[in-house]
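Here's a quick briefing to read with the model open beside you.

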Amino acid sequence: MSDRPILLFDGVCNLCDRSVQFVLDHDTEGVFQFASLQSEVGTAMMRRCVFRAEAIDSVVLVEDGQCHIRSEAAWRIATRLNAPWRWLSATRFVPRPVRDVVYDWVARNRYRWFGMREACRIPTSDVRARFLDAAELAPSEAPS
């Protein structure tokens, strides 16, 4: 598995899909790798993070061996994007409980507001290498 940060996302959520597309467009250095929470990789990573995929209404960022969720993940992602988007990382100065209340409100309503897909979208060939699949998992991380 790569040492690059891995962004786990809800693969059937339209807002989440748009967020991944946004990160792809504004991460010109190609820092992030991606996997949907519903994939084998996502399930294995969530187990590694001690989270159950179905219990998380959040993006999950796996970075430097640590797992970050909700607003913590969002501002950490922002720090790696091109300006002016990295300036959103200043939200870390807002107390986490306040950030998470707003994050949770959007997360609870995301399907109603933005809709959902029947299945995860297949990445285009130009970004396919940044999406992880089960073949890339270390044996200790592989789904059982």
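Axes here are lines fitted to C-alpha atoms, for helices over the stretch in contact, with angles running from 0 to 180 degrees between N-to-C directions. Helices (H or I, at least four residues) and strands (E, at least two) are DSSP runs, numbered from the N terminus. With that in hand, the axes of H1 and H4 come within 8 Å and cross at roughly 100 degrees.

This is a predicted model, so local features need pLDDT of at least 70 and side-chain atom pairs count only at pLDDT 80 or more, while totals for chains, interfaces and linings use all residues. Residues are numbered from 1 along each chain as its sequence is written, and side-chain values use heavy atoms, with hydrogens and water left out.

**Overall layout**

- The chain has 4 helices and 4 strands, and reading along the sequence gives β-α-β-α-β-β-α-α.
- Buried residues make up 42% of the 144 residues in the chain; buried means under 20% relative accessible area, exposed means over 50%, and partly exposed is in between (1.4 Å probe, protein chains only).
- Take the contacts (heavy atoms within 4.5 Å) with a separation of 6 or more: residues 24 or more positions apart account for 70% of them.

**H1 against H4**

- Angles under 35 degrees count as roughly parallel, over 145 as roughly antiparallel, 65 to 115 as roughly perpendicular and the rest as oblique.
- H1 and H4 are therefore roughly perpendicular to each other.
- On the H1 side the contact uses Asn-14, Leu-15, Cys-16 and Arg-18, and on the H4 side Val-106, Arg-110 and Phe-114.
- Sorted by class, the contact of H1 with H4 has 4 nonpolar, 1 polar and 2 charged residues. For these classes, Ala, Val, Leu, Ile, Met, Phe, Trp, Tyr, Cys and Pro count as nonpolar, Asp, Glu, Lys and Arg as charged, and the others, Gly among them, as polar.
- Cys-16 is buried at 16% relative accessibility, and Cys-13 is buried at 0%.

**Arg-110, worth a click**

- Arg-110 sits in helix H4 and counts as buried, at 5% relative accessibility.
- Its side chain makes a polar contact of 2.7 Å with the side chain of Asp-10. A polar contact is a pair of N or O atoms within 3.5 Å; within protein, one must be able to donate a hydrogen and the other to accept it, and residues adjacent in sequence count only if both atoms are side-chain atoms.
- Leaving out residues up to four places away in sequence, Arg-110 touches Asp-10, Cys-13, Leu-15, Cys-16, Asp-57 and Gly-115.

**H3 and its surroundings**

- Helix H3 (residues 70–79) and helix H4 (residues 96–114) have axes that come within 8 Å and cross at roughly 95 degrees, which makes H3 roughly perpendicular to H4.
- Arg-70, Ser-71, Glu-72 and Trp-75 of H3 meet Arg-96, Arg-99, Asp-100, Tyr-103 and Asp-104 of H4.
- The class count for H3 with H4 is 2 nonpolar, 1 polar and 6 charged residues.
- Buried residues in H3 are Ser-71, Glu-72, Ala-73, Trp-75, Ile-77 and Ala-78, and their cover includes strand S1 (6–9), helix H1 (14–26), S3, S4 and H4.

**The disulfide**

- The structure holds 1 disulfide, defined as a pair of cysteine sulfur atoms within 2.5 Å.
- Cys-49 and Cys-67 are the partners, S to S 1.8 Å.
- The torsion about their S-S bond is about -70 degrees, so the disulfide is left-handed.
- This pair links distant parts of the chain, 18 residues apart: Cys-49 is in the loop between helix H2 (40–48) and S3, and Cys-67 is in strand S4.
- Cys-49 is buried at 9% relative accessibility, whereas Cys-67 is partly exposed at 26%.

- Most residues other than glycine have a negative phi, and most peptide bonds are trans.
- Ala-83 and Pro-84 are joined by a cis peptide bond, with omega about 10 degrees; Pro-84 lies in the loop between H3 and H4.
- Asp-64, not a glycine, has a positive phi of about 50 degrees. Asp-64 lies in the loop between strand S3 (60–63) and strand S4 (66–69) and is exposed at 67% relative accessibility.
- Arg-70 also has a positive phi, near 55 degrees; this residue is in helix H3 and is partly exposed at 25% relative accessibility.
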